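Hello,

Here is the structure for you to look at. My notes on it follow below.

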Amino acid sequence: MNEGYLPIGRFARLCRLSVKQLRHYDELGLLTPDHVDPDTGYRYYRPDQARAAMLISLLRSIDVPLPSIGRVLSGDTAALGDVRDRMEADLARRERNFTTLERILSEGLHRPEVTVVREPARRVAVVRDVATLDRVGVVTSACVARLLAAVGDPRGLMIGLFPLDLAPELPVAVAVETSEDVPGTSPDVLPGGLYASVTHVGPYHQIPLTAHALLAWVGERGHTPEGSLREVYVSNPVTTPQDRLVTHLMIKLEDPE
């Protein structure tokens, strides 16, 4: 064996990695030994492989996924930008969850007043998309942007429509009440009838607190909800502080016979 090679145990100590980690990186093709003894299967590394090994160790210490590390080792440094963007989105999500948890701890579970109202049918222009559960907010914002680009300054109500049944992929729609056909949107009619209605005051990301209370009210009274959960956006988020945003949530109830 060439004296320039380092056996796996010594190479592991040099790079501050475990033998188990090195074997795993070899299996993934991230860091393969320069020589494997055909009789014993023992792995040997060159000293100049230490830089790559320590880069893997550094990136793993800051939670960079192994597939992204593989891209970096192949020369694709843009992979780190993708990881940063995902971390930034995850941090924002965790911060939103933290503020929601703080609200629950300080105020308890939300129990807003629910009323039953009769809604007229509304003619609307709609944009639609599909979202995974963790991207509903992002996709909804994109739908709002598309709708505003199509209608300009909306004069009617802007309404978000979300399914009551959760699935891996969720249809998301945002509509604006209008009597005219709007290029780039689909015309539709939101059904009228009896609706359970509640008002949410606060950031959009905390709407699930109020939606939970509304769904609980519907279930406790034995109603069968129909259609979608409606979010009627009353406030302009550009000019209204987040903690003062007003949104009406509505669920259609079965009409009594």
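**Notes on the model**

Asp 63 is exposed, with a relative accessible area of 59% (exposed means over 50% relative accessible area, buried under 20%, and partly exposed in between, using a 1.4 Å probe and protein chains only). This is a predicted model, in which local features need pLDDT of at least 70 and side-chain atom pairs count only at pLDDT 80 or more, while totals for chains, interfaces and linings use all residues. Residues are numbered from 1 along each chain as its sequence is written, and side-chain values use heavy atoms, with hydrogens and water left out.

Asp 63 sits in the loop between helix 3 and helix 4 (helices are DSSP runs of H or I with at least four residues, numbered from the N terminus). Its phi is positive, about 65°, although Asp 63 is not a glycine. Most residues other than glycine have a negative phi.

Arg 16 also has a positive phi, of about 60°, and is not a glycine. Arg 16 is found in the loop between helix 1 and helix 2. It counts as exposed, at 73% relative accessibility.

The largest nonpolar core has 21 residues, and Phe 11, Leu 22, Tyr 25 and Leu 31 have the most contacts inside it. A nonpolar core is a set of buried Ala, Val, Leu, Ile, Met, Phe, Trp, Tyr and Cys residues joined through side-chain atoms within 4.5 Å. At least two residues of this core come from each of helix 1 (8-15), helix 2 (19-28), helix 3 (50-61), helix 4 (66-73) and helix 5 (78-107). A second, separate core has 15 residues, including Ala 131, Val 136, Val 172 and Val 176.

Regards
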